[in-house]
Each structure stands twice: as structure tokens, then as C-alpha cells.
Amino acid sequence: MRPIVTPVEMREIDRTSSVTEAELIERAGAAVARSAVRMLGGRYGRRVVVIAGPGNNGADGRVAARHLRAQGVAVTIIDVGATPPDTALVQDLVARADLIIDAAYGTGLRSDYFGPDPGDTPVLAVDIASGLDGSTGVRRGRPMSATRTVTFAAAKPGHLLCDGAGWSGDVEVVDIGLDVTSASIFLLTDDDVRAQWPRRPATAHKWNAAVWAIAGSPDMTGAPTLVSSAALRSGAGYVRLSVPSDDPASLRDVGPLEVVRSSLPESGWAAEVGDAERVAAMVVGPGLGRRPSLVDDLG
């Protein structure tokens, strides 16, 4: 599982770290520069605009600018803060850039932020796209939608929630030497689920993972389709679908093509379930309805 750290937790982690603030900023800025080079696909002749704020986020951006300049990238820094930059000038610089590094404001944003219109220029956000709330992911003002976000130590809730899920782009988590073992929130990943999924032995056959779904009715055919499709997608080797009905011919097309359909009468169907011991799991109920004959059998 991946740790998720709130802005409040991150500030405490920064405060108690044995690494100096200056060193953390240097490491963060260098990581941003490396990500920027990958996005640019090269160095010489590339033009980058860094929008840098007054705090540590802006400091990260300025360090990234220094590293990029040392590698031959043409970098323009736009300072934001007490004196707003000329809007027309900023838009002109942004329009001619190959990449925008958004280092205006991080998770400590306290007011709305109105960024320039990036147009088709890709945006690399430092820690979090300026204007996204680091705790909730809610947009404040008019942030620039990031193509990629480089964040440090751990992802933040604002990358995953609300607007942040669509405005953070690809989130790259960089280790800069901070201990996040105190995190209280974790993101369950596909790998975590995969590790818990039981492995099927080489000698397994279809009945070891067979499912019998008794579901649906003439008026409710969606439920049996959904449940049998889910069984197939979960890895069942065999899926039998039975929709209790006195007119089974009318239900022969219910469910996905791959299931084996087995008819059951509407009344007394429970007595017909004779070989249930052969299957590994049974699903009974979705969409059966409330007809007395069916309810009596369920009892």
C-alpha cells in the first residue's frame, strides 16, 4: 500500500526531519529538473517557463531552473507574490514555451490562485498543481491542469480526491529522504490486491472454481447478467446461470454467451438444486423478485 500524507502531516514530517530545509529544497528541485528533462525529450534548444511563488514551492522551482540552465535549457522565471506579473507578458512567454513548471503555490495555499492559460503547453506541477487544495483536491480559483505532478515523500489527498484526480496528471512520488511511516492513510493498489488473490494450482480444473448463480426473473434480467458476468471476470472456470421460470425458453439469451444455462422451475426450484456440491460457490437472490413461490424456496 502507498502512504498518503495530509498537508498537516507533511509539515510535521518536514519539521522533525534530520535533513535541513535547504537540503530538502535542493533534492526536490533536482527531482523536478530530472522530470522536466524527461518531459522535454532533450535539453538544448528547449524553453521552459518556471512560475515561482514566494514559499518553499517556489524555491523548489528556482532550484529546478538552476539545474536546467546548467544543462543547456533556456529558462525564464516568473515571480508571483505581492506584485502580480504582467498578464500579457506571462501569456506570451507561456505560449512560446516547451514546458511550464508550476511552482507558484503548494499544499499551503491559503487563497484562490489564477494561473495563466497554458494552451497546449504541457505543465509540470511541483508537489501539487497551484490552486488545488492539498487536503480535499477542490479547485480554488483557476489552476493549470498538470500533465505531470512531482510530489515528495508521499502523495497527498489532493492528488486523488475531487478535482485533483483529474487535474494532477501522472503523479510521480520522489523520495527526498523524509520518513513517512507515520502516515495514517494508505492507497490500496492493484499490486496489493494481486498479492492477496489466491493462486490456482497447475492441477486445477473448472469445477475447482465453478460458480452457480440462481438469479433473475422474467421481469428482471439485468441482475443475472451482471452477477454471471462478474463471476466470469473474477476467474471462475465454469459459470452456470439459472433463472427460475416456468417459461425457460424466453430466457435463453439472458446472461453472457459464455455461461452455461440451466433451467429451474419457478415453484419448488430449491428441490431441483441437486448437484450444488460440485460448485465452489453459489450466488442466490439477485433479481429473483418477491413472488411468494420464490420467497418460500429461499426460506
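**Entry 1: the sheet**

Two strands count as paired if DSSP finds at least two bridges between them. With that in hand, I opened this predicted model and looked up its open sheet of four strands, which has the order 13-12-11-14 with parallel pairing. I then checked the edges: strand 13 (260-261) and strand 14 (281-284) each have a single partner strand, so one side of each is left without a neighbour in the sheet.

Next I went to the contact of strand 11 with strand 14. These two strands run parallel and are joined by four bridges.

**Entry 2: aromatic pairs**

How many aromatic pairs does the structure hold? I found two. One is formed by Y105 and Y113, with 5.7 Å centre to centre and 65° between the planes. The pair counts as edge-to-face because 65° is over the 60 degrees needed for that label.

Where do its two members lie in the chain? W207 is in the loop between helix 7 (190-196) and strand 11 (210-214), and Y238 is in strand 12 (residues 238-242). They are 31 residues apart, so I wrote this pair down as a link between distant parts of the chain. Burial came next: W207 has a relative accessible area of 16% and is buried, and Y238 counts as buried too, at 10%.

**Entry 3: charges over rings**

I stayed with W207 and asked which charged end sits over its ring. It is that of R278, 3.8 Å from the ring centre.

**Entry 4: a nonpolar patch**

Last, I turned to the surface. M1, F186, L188, V193 and W197 form a nonpolar patch there, and together they have about 560 Å² of accessible area. I followed up one member, F186, and found it in strand 10 (residues 185-187). F186 is partly exposed, with a relative accessible area of 41%.

Conventions:
Residues numbered from 1 in each chain as written. Predicted model: local features only at pLDDT ≥ 70, side-chain atom pairs only at ≥ 80, totals over all residues. Heavy atoms only, no water. Phe/Tyr/Trp six-rings, centres within 6.5 Å; stacked < 30°, edge-to-face > 60°. Buried < 20%, exposed > 50% of the residue type's maximum accessible area, 1.4 Å probe, protein only. Lys NZ or Arg CZ within 6 Å of the ring centre and 35° of its normal. Patch = residues over 30% accessible without salt bridge, like charges linked within 9 Å, V, L, I, M, F, W, Y side chains within 5 Å. Areas by Shrake-Rupley, 256 points an atom, 1.4 Å probe, with all protein chains shown as cover. Salt bridge = Lys/Arg side-chain N within 4 Å of Asp/Glu carboxyl O.
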